[in-house]
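Let's take a walk through this structure together, one part at a time. Have the sequence and the 3D view ready as you read.

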Amino acid sequence: MAFKQTSARKLLAESAFGQRPYVNELRERYRMTYQRPPSTAEVNSWGHSLDALARLLATAGLEDVEMLVEFALPMCSLRADVVLAGRDPKTGDPAYVVVELKQWSRARLIPGSDELCEVIGLPRRATLHPIAQVTRYCEYLRNYALVLEGHGERVTGVAYLHNAESEGIAELLTTPGADNRLFTRTTEDDFVRFLRETLCFDDSNQVGDELLASRFAPSEALMKVAADEVLHRSHFTLIGEQHTAFSLVMRTLRMAHERPSGTKELVVVAGGPGSGKSVIALSLMGSLLRDGYPVAHATGSRSFTRTLQQRISNNDRDSGSLFTYFNSFTGDRSSGLAVLILDEAHRLRETSNGAPLGSKWGVRRQIDELIDAALVPVFLLDQHQVVRPGETGSLQMIEEVAAKRGLTVRHVDLDGQFRAGGSRAYETWVLRLLNIEPGGPLEWKGDEGRYAVHVAESPEELEDFLRQKRSSGEDGRITAGFCWPWSDPNKDGSLVNDVKIGSWERPWNIKGSSGVGDLPSSDLWATDPAGFGQVGCIYTAQGFEYDWSGVIIGDDLVWREQGWQSVPTASEDKVLDNAPPYEFHRLIRNTYKVLLTRGMKGTVLYSTDPATREFLRALIP
């Protein structure tokens with residue numbers, strides 16, 4: 001949970017001769033954890049900021065107080081720079097100070113916000129105010145570290161800008177709460193006084209170990225808030241195998257405490273697009289939270305998780321933290337959660353940091369980390385949605401891992417179909433079209449008004465069709481194969497029209513997690529009405545649905561007399577650059593399978609390849 005457990009005395013002793021060996025130690029820990037080297041700025045911070053904090057602690061007479069350096073927050077990928085662990089001088093209770101260290105010398109607020117600021121002298125980039133940042137770290141610890149449950153007052157957060165004079169960050173000091181928790185070189189005496197009043201040395205050397213050894217799970221207070229959010233926003237009726245899956249998870253949890261330690265039952269729920277996997281997930285979340293069970297929801301998709309955080313938790317940053325990622329459980333072997341819901345489990349990877357299993361950095365399989373994190377791990381997957389190299393989630397893989405560990409797997413196949421208008425015929429048609437299921441392409445004969453399928457003669461016709469649907473109150477999006485470059489926005493904030501087909505030009509959805517003007521970020525492209533007019537790709541469309549789906553099949557997949565041919569040279573997806581031909585062919589067909597199953601009422605297809613358009617016209621009257 002921390003890269004290094006030390007004290008100011010030990011750090012200063014290490015740097016006594018101008019050497020800072022702890023920097024190399026931290027660099028190696030970082031590299032092992034993330035399988036990439038840390039940035040130069042991070043390495044500089046370890047050398048200069050830790051030294052500055054250690055010297056100030058020595059001045060305060062607190063050189064033996066424990067320093068938990070690069071403390072990893074539970075169930076997320078964030079790290080606090082330092083957590084100081086000691087005791088309250090007045091009560092003797094454990095006391096923790098979370099310290100955010102900055103090397104900034106000058107910074108100012110971004111106009112219109114007291115939470116966002118920018119560093120003067122560097123390229124303009126919005127960053128969170130250090131106090132806003134450390135406040136969230138403290139709240140996160142209170143919500144998840146069970147050793148702190150009911151004792152939230154034991155955690156305090158401060159920021160130390162050791163290179164700054166107060167005059168250089170005057171605007172930041174005007175933010176509420178900053179006057180007594182944001183310290184600079186000018187106010188080091190105040191920081192020393194604050195630390196002496198807040199901390200003293202723990203003779204038993206147990207306080208830091210207690211935090212590191214704590215079980216981490218949602219606190220009762222957080223579960224109460226989140227249950228209210230989820231239950232009031234998620235009113236679903238589970239039918240057929242959906243209810244079977246829900247009941248199986250609840251039964252498995254009831255039985256979990258009766259099984260011997262170390263034995264578990266895993267639940268796997270498999271189903272095609274729109275079969276109700278996420279409906280089951282949210283129904284479980286609401287029910288379990290209401291009954292006081294610690295539960296979390298994880299995916300491998302930033303877009304999907306960000307949308308859940310925003311929509312389900314109404315942007316409440318506490319309850320939103322229950323929605324996280326597969327790689328957030330690398331240090332968790334405690335089964336602190338009752339249930340961990342792994343949505344879109346087909347996106348599991350071999351290891352959480354991307355390192356090959358068995359290598360120096362690939363020590364544990366990601367699936368083992370997730371199994372260990374909860375009493376009942378629940379895997380929700382669609383094996384035909386694997387679209388990237390390295391995605392390993394499948395029923396076979398889960399069963400093989402479980403067998404090696406002596407664990408039981410219980411499996412439910414969902415037979416419902418809620419996306420694609422409830423049209424089993426359309427789902428079968430897509431699987432046969434792309435040769436994902438045997439039998440070859442079928443003529444589309446309709447499905448009793450459940451679902452509509454059209455072929456457009458041009459991208460203009462495709463877009464006009466969707467605009468007409470939008471004018472009548474329905475929603476729609478255009479997606480395409482990744483066959484065009486994807487540019488950053490222009491300096492004036494306008495988007496680059498990367499997707500060019502004849503005279504028709506449109507931009508991809510915005511790169512990154514920040515919107516531009518009124519346009520949504522890539523994470524919210526599929527759910528924000530302003531996303532229309534930008535073309536989405538597999539990475540922003542997977543996991544979402546809308547009324548009408550316009551799909552542009554690019555030159556990376558074309559139909560010839562002998563069948564489908566994939567064309568790697570037509571792809572701009574760098575993730576697929578090194579995929580062998582057979583793997584590229586499988587992943588490209590899975591990609592279009594996902595894009596073709598986003599619409600709930602209908603799909604409009606267009607292919608950039610004339611022969612493929614003729615083939616589609618023959619199938620779709």
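Predicted model: local features only at pLDDT ≥ 70, side-chain atom pairs only at ≥ 80, totals over all residues.

Before we start, one term: two strands count as paired if DSSP finds at least two bridges between them. With that in hand, look at V551, which stands opposite L605 in β24.

Now zoom out for a moment. The protein has 621 residues, and buried ones make up 56% of them. Its secondary structure comes to 17 helices and 24 strands. If you take the contacts with a separation of 6 or more, 72% of them are between residues 24 or more positions apart. The accessible surface comes to about 26,000 Å², and carbon and sulfur atoms hold 48% of that.

Back to the sheet we began with. β21 and β24 sit in an open sheet of 5 strands with parallel pairing, in the order β16-β24-β21-β17-β20. What do the edges look like? β16 and β20 (535-536) stand there with a single partner strand each, so one side of each is left without a neighbour in the sheet. Helix α14 (residues 459-471) packs on this sheet, where it touches β16, β17 (476-480), β21 and β24. The direction of α14 makes about 175° with that of β21. Helix α17 packs on the sheet too, touching β16, β21 and β24, and its direction makes about 140° with that of β24.

Let's stay with α17, which spans residues 610-619. Which of its residues are buried? They are T612, R613, F615, L616 and L619. Looking down the axis of α17, you'd find these buried residues within an arc of 160°, so they line one face of the helix. As for what covers the buried residues of α17, the cover includes α13 (424-433), β16 (452-455), β21 (546-553), β22 (557-560), β23 (563-566) and β24 (599-607).

Next, the nonpolar interior. In soluble globular proteins, nonpolar side chains tend to be buried together. Here the largest nonpolar core has 61 residues, and F71, V98 and V339 have the most contacts inside it. Apart from that core lies another, of 57 residues, with V430, W559, L596 and Y606 among them. What does F71 touch, once residues up to four places away in sequence are set aside? Its contacts are M1, A2, L78, R79, A80, D81, V83, L141, L211, L212 and F216.

That takes us to strand β2 (residues 66-72), which also holds E70. β2 is mostly covered, with 6 of its 7 residues buried. E70 is buried, with a relative accessible area of 3%. E70 also has a phi near 55°, a positive value in a residue other than glycine. On to the partners of β2: strand β1 (residues 2-7) pairs with β2 in the antiparallel sense over 5 bridges, and S7 stands opposite E66 there. Strand β3 (residues 79-87) runs antiparallel to β2 as well, joined by 6 bridges. M67 has L84 in β3 as its bridge partner.

N205 has a positive phi near 55° too. You'll find N205 in the loop between α5 (188-198) and α6 (207-213). Is N205 buried or partly exposed? With a relative accessible area of 38%, N205 is partly exposed.

There's another sheet to visit, an open one of 3 strands in the order β5-β6-β7, with antiparallel pairing. Its edge strands are β5 (107-109) and β7 (127-128), each pairing on one side only. Strand β6 (residues 116-119) is joined to β7 by 2 bridges, and L116 stands opposite L128 in β7.

Our last stop is L414, in the loop between β15 (408-413) and α13. L414 is buried, with a relative accessible area of 10%. Where is Q242 relative to L414? The two are 172 residues apart in sequence, and their C-alpha atoms are 6.3 Å apart in space. Leaving aside neighbours within four places in sequence, L414 is in contact with E241, Q242, V269, A270, G271, S275, G276, K277 and I280.

How values were computed
Residues numbered from 1 in each chain as written. Heavy atoms only, no water. Helix = DSSP H or I, 4+ residues; strand = E, 2+ residues; numbered from the N terminus. Buried < 20%, exposed > 50% of the residue type's maximum accessible area, 1.4 Å probe, protein only. Contact = heavy atoms within 4.5 Å. Areas by Shrake-Rupley, 256 points an atom, 1.4 Å probe, with all protein chains shown as cover. Core = buried A, V, L, I, M, F, W, Y, C linked by side-chain atoms within 4.5 Å. Arc of directions from axis to C-beta. Axes fitted to C-alpha atoms, helices over the stretch in contact; angles between N-to-C directions.
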